[in-house]
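Trainee: Could you walk me through this model and show me how to read its features?
Mentor: Gladly. Let's have it on screen and take it feature by feature.

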Amino acid sequence: MNPALSVIFFTVASGTGYGLLFLLGLCLAVDPGMIGRTESLVVLATGLVFASAGLLSSTLHLGQPQRAWRAFSQWRSSWLSREGVVAMCGFVPALLLGMTLWQGHDGTVLRSLGATLAIFAIATVFCTARIYSSLKTIHAWHNGFVLPGYLLLGLLGGSAWLLTLNSLLGHATANDILTTGLSGLVIAAALSGVVCKRMYWQFIDTTKHPATTESATGLGRFGHVHSVEAPHTEQNYLTNEMGFRLARKHSKPLRAIASILIAPLPIMAAIAAWLLTPVAPMLMTVCAGIAALSATAGLFVERWLFFAEAKHVVMLYYGVAQPDFA
Amino acid sequence: MTMLPPPTQKKLGLVIDLDICVGCHACAVACKQWNDGGQFGPLPDEDAYGREPLGVWFNRVHSYEVAELGTRDSELGKHADLATSSATGSGLPATGMTVHFPRSCLHCETPDCVTVCPTGASYKRAEDGIVLVDEDKCIGCKLCSWACPYGAREYSEVRGVMQKCTLCVDRIYNESFDEVDRQPACVMACPTRARHFGDLGDPDSDVSKLVAQRNGYDLMPEMGYKPVNKYLPPRPRRTGDTRRADVVLEESIDVSAAPPLLRWLDRMLSR
């Protein structure tokens, strides 16, 4: 599939933004005193900026963005519509939480708003992943690794950025429960995320869509079917959009780059940040920042591959076998 | 509304006969011509006369070579299921055959292209099962084209909306046309009558009978979209002596019987 930058940016930015909002909501729900008021507001704003930038970017992919409001109507059948509805509904607890924090309230209201925000954040990323994993036409998307991949990598982005914000705002001067917890979470999310992606790559390398050019044309009963003449001499929408091909020799190093940026680098940076917190808060901030930037860069590479490596069954009509790795 | 309607009684669709399609692309051209000016048009092209023309067509004609099975032992094992059907008399000549294959929307009974649409622009008509795009509601997210395994939908960069076969809904019910002309443009244009239009939900319709008689089949039934359009397989070919073709190519001139000048020429050329 054609790796459109607007959609890659959308899934990465909104995934990270909702990761941040999920963790903020969770922290406030567990203990409203865990994160300070100012810090909570900064994290909330950052999460909303990431999420909104992603959602706005997704409208750049549209042919008629001025009609985007219509996309809220078909939530009964469409995951894309559900994603839009859940994302918009999530702004309600987020803004109420902002107001509550601003006015300095605490206690039950904060807890319940935090819990609601966390639920909406996770639900939005769930819907985003389902947009892709519900498509039976794309083997690389229609499998059980896609949803956990989106959730875990969103959590990785969110936790790495929260660790950075936490230290930037000067709240990480000792290994309190938040710093320790966030460092641990970065490590856990990076590890599980990279394991999930490795299993995903193994899956798409060793399995393929059941359809063949023979079943697509129904001519398999007569023999091997291969295309001798395409319907058009130039490209068309289908070959441009669904016919993107990535050579194995390129996908291998890109997978390695994505893996390194997603796991070893953020893990080492998170460990360094945790060790440095009591002794050198400035260096700790730098390490946390490295973890966040590395994870985000890794997510971009991973998401680019998610599209570039995905093959659409319609290409069978053009005689492109699946997979075409050789 | 992108929820699918309850199963429709009437299932309008096409039956395409791969036995007699000659791959002339008349259906594709007639479709483009009608729909460019029809109710769902235009079907704009970019760079139409330039280096890389790109544009929306509802109908595309592929050409395939179908080669004999089991020519190599390794392939026999790999395609055991196919090889068996071939052995029981598929009618494929030893030299293989060329099949021209028109591809357009199959107006499926349970298509994902309708249910994934976030706006309700993509819909299936309850009255006759035709799948359409409301181009005033479409936001151009392209998700429906991703959900279609048959490549039936093409996005117009110029108009910013998805476009697809309408089964010429603006012809088939058009009362200003004579009854015989109330058919899709592709069906009207086909010079070999390889395309048939009718109600596939009615077992007594001409198209349903044709499908029953000729073992019409679904494309990619494993996708579970239940296409309404059916394809008729190529009829068994005559199993002639395939060596005959070689015989004709053999050198069969008796030089000794030729006039002296030609004998001399033959000698010179044979040096």
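This is a predicted model: local features need pLDDT of at least 70, side-chain atom pairs count only at pLDDT 80 or more; totals for chains, interfaces and linings use all residues.

Trainee: Where is C117(B) placed in chain B?
Mentor: Look in the loop between α4 (112–115) and β6 (122–124) of chain B.

Trainee: How do I read the meeting of the two chains?
Mentor: In general, the size of an interface is often given as the accessible area lost when the parts come together. Here we can describe it by residues: 49 residues of chain A are in contact with 57 residues of chain B.

Trainee: Which elements of chain A each supply at least two residues of the side that touches chain B?
Mentor: They are α3 (79–103), α7 (213–217), β1 (224–229) and α8 (237–242) of chain A. The most comes from β1(A), with 6 residues. By class, this side of chain A has 20 nonpolar, 21 polar and 8 charged residues.

Trainee: What does β1(A) pair with in chain B?
Mentor: Its partner is strand β4 (residues 60–67) of chain B, and the two pair in the antiparallel sense over 5 bridges. To find the pairing on screen, look for H224(A), which stands opposite A67(B) in β4(B).

Trainee: Is Q64(A) buried or exposed?
Mentor: Q64(A) counts as buried because it has 20 C-beta neighbours inside 10 Å, and 20 or more is what the class requires. Q64(A) lies in the loop between α2 (37–60) and α3 of chain A. Not counting residues up to four places away in sequence, Q64(A) touches C138(B), I139(B), G140(B), G160(B) and V161(B).

Trainee: Next, helix packing. How is a helix pair described?
Mentor: Two packed helices are described by the angle between their axes and the distance between the axes. In chain A, take helix α5 (residues 146–168) and helix α6 (residues 177–206): they pack at an angle of about 150 degrees, with their axes 8 Å apart. That angle makes α5(A) roughly antiparallel to α6(A), since angles over 145 degrees count that way.

Trainee: What is the handedness of the crossing of α5(A) and α6(A), and which residue classes are in their contact?
Mentor: The crossing of α5(A) and α6(A) is left-handed. Their contact has 16 nonpolar, 7 polar and 1 charged residues.

Trainee: And how should I begin with chain B as a whole?
Mentor: Begin with the inventory: the secondary structure of chain B comes to 10 helices and 11 strands. Of its 271 residues, 44% count as buried. Then look at how contacts span the sequence: among those in chain B between residues at least 6 apart, 65% join residues at least 24 apart.

Trainee: In what order do the strands of the open sheet in chain B run?
Mentor: The order is β10-β1-β11, 3 strands with mixed pairing. The edge strands, β10 (195–199) and β11 (230–232) of chain B, each pair on one side only. From one strand to the next, the twist averages 25 degrees.

Trainee: How many bridges join β1(B) to each of its neighbours?
Mentor: Strand β1 (residues 12–17) of chain B pairs with β10(B) in the antiparallel sense over 5 bridges, and 3 bridges join β1(B) to β11(B), which run parallel. I16(B) lets you see both pairings: it stands opposite R195(B) in β10(B), while its bridge partner in β11(B) is Y231(B). For V15(B), the bridge partner in β10(B) is H196(B).

Trainee: Which residues lie on each side of β1(B)?
Mentor: L12(B), L14(B) and I16(B) are on one side, with G13(B), V15(B) and D17(B) on the other, and all are buried. So both faces of β1(B) are covered, by the rule that 20 or more other C-beta atoms within 10 Å make a residue buried.

Key. Residues are numbered from 1 along each chain as its sequence is written. Chains are lettered from A and ligands numbered from 1 in the order in which they are written. Two residues are in contact if their C-beta atoms, placed from the backbone, lie within 7 Å. Helices (H or I, at least four residues) and strands (E, at least two) are DSSP runs, numbered from the N terminus. Ala, Val, Leu, Ile, Met, Phe, Trp, Tyr, Cys and Pro count as nonpolar, Asp, Glu, Lys and Arg as charged, and the others, Gly among them, as polar. Two strands pair if DSSP finds at least two bridges between them. Axes are lines fitted to C-alpha atoms, for helices over the stretch in contact, and angles run from 0 to 180 degrees between N-to-C directions. Angles under 35 degrees count as roughly parallel, over 145 as roughly antiparallel, 65 to 115 as roughly perpendicular and the rest as oblique. A crossing is left-handed if the near helix is turned anticlockwise from the far one by less than a right angle, and right-handed if clockwise. A residue is buried if 20 or more other C-beta atoms lie within 10 Å of its own, exposed if 12 or fewer, and partly exposed in between; C-beta atoms are placed from the backbone.
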